[in-house]
Amino acid sequence: MDIVYKEATREDIDALVRLRIDYLMSDHPDMTDEEIRKIMEVLPGYFEKHLGVDLDAFIAVDMMYHGEAVASAFLLTIEKPANPTFINGKVGEVLNVFTKEDYRGEGIAHSLISMLLQKGHDLGLDYIKLLSTDAGYNLYKSLGFEDSISDYHEMKYKY
């Protein structure tokens with residue numbers, strides 16, 4: 001394996017779309033073809049608008065396999081009014097950590113998250129948060145992520 005790690009650019013949007021769909025299909029195996037089609041319609045525009053603005057994406061490319069992108073990790077930067085928890089008013093959220101099945105267990109996600117953490121530091125983020133599956137939990141703990149304990153309940157309103 002000849003893996004190259006890089007921060008994605010606009011030239012990588014097609015690869016980001018493919019990796020996002022692969023991630024979603026693994027996380028939501030019951031997605032319909034119609035849902036996939038609709039998501040694929042909006043993703044290129046999302047990446048055009050946000051990549052390099054408030055979204056940084058990191059990919060691993062297998063140079064032995066025609067330069068195919070085989071893994072990803074996204075960092076979404078969120079700016080909000082400062083408070084004692086985020087003095088700079090900028091926090092990050094990790095999204096779309098995904099490695100294709102044949103490449104798992106090789107440390108690829110570790111390398112991508114390390115790049116993402118460095119980017120967060122360079123951006124002056126107060127913290128970076130994520131939601132972890134059981135499969136990814138030990139990886140994130142090994143990189144310094146801590147369990148979040150709060151007096152608040154995470155809630156959402158759906159339309």
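1. Asp62 lies in strand β2, which covers residues 55-62; helices (H or I, at least four residues) and strands (E, at least two) are DSSP runs, numbered from the N terminus. The model is a predicted one, in which local features need pLDDT of at least 70 and side-chain atom pairs count only at pLDDT 80 or more, while totals for chains, interfaces and linings use all residues. Residues are numbered from 1 along each chain as its sequence is written, and side-chain values use heavy atoms, with hydrogens and water left out.

2. Is Asp62 buried or exposed? Asp62 is buried and yet has no salt bridge, the nearest side chain of opposite charge being Lys100, 9.6 Å away. Here buried means under 20% relative accessible area, exposed means over 50%, and partly exposed is in between (1.4 Å probe, protein chains only). Lys and Arg count as positive and Asp and Glu as negative, whereas His and the chain ends are not counted. A salt bridge is a side-chain nitrogen of Lys or Arg within 4 Å of a carboxyl oxygen of Asp or Glu.

3. A polar atom of the Asp62 side chain lies 2.9 Å from the backbone nitrogen of Met64. If neighbours within four places in sequence are left aside, Asp62 is in contact (heavy atoms within 4.5 Å) with Met1, Asp2, Ile3, Gly67, Glu68, Val70 and Tyr103.

4. Strand β2 also belongs to an open sheet of five strands, in the order β1-β2-β3-β4-β5 and with mixed pairing; two strands pair if DSSP finds at least two bridges between them. Because β1 (3-7) and β5 (128-129) stand at the edges with a single partner strand each, one side of each is left without a neighbour in the sheet. Strand β4 (residues 90-99) runs parallel to β5 and is joined to β5 by two bridges, and Gly92 stands opposite Ile128 in β5.

5. The largest nonpolar core has 21 residues, and those with the most contacts inside it are Leu16, Phe47 and Ile59. Such a core is a set of buried Ala, Val, Leu, Ile, Met, Phe, Trp, Tyr and Cys residues joined through side-chain atoms within 4.5 Å. Two or more residues of this core come from each of α1 (13-27), α2 (33-50), β2 and β3 (68-79), and α1 gives the largest share, seven residues. Apart from this core lies another, of 20 residues, among them Ile3, Ala60, Ala109 and Ile113. In soluble globular proteins, nonpolar side chains tend to be buried together.

6. How many salt bridges does the structure hold? The structure holds 10 salt bridges, and one of them joins Glu48 to Arg10, with the closest N and O atoms 3.7 Å apart. This pair links distant parts of the chain, since Glu48 is in helix α2 and Arg10 is in the loop between β1 and α1, 38 residues apart.

7. Asp56 forms a salt bridge with Lys119, the closest N and O atoms being 3.8 Å apart; Asp56 is in strand β2 and Lys119 in helix α3 (residues 108-122), 63 residues apart in the chain. Asp56 counts as buried at 7% relative accessibility, whereas Lys119, with a relative accessible area of 21%, is partly exposed.

8. Within helix α2, Arg37 and Glu41 are four residues apart, so they are separated by about one helical turn, and their salt bridge has its closest N and O atoms 2.2 Å apart. Glu34, Arg37, Lys38 and Glu41 are linked in a network of salt bridges.

Key
A polar contact is a pair of N or O atoms within 3.5 Å; within protein, one must be able to donate a hydrogen and the other to accept it, and residues adjacent in sequence count only if both atoms are side-chain atoms.
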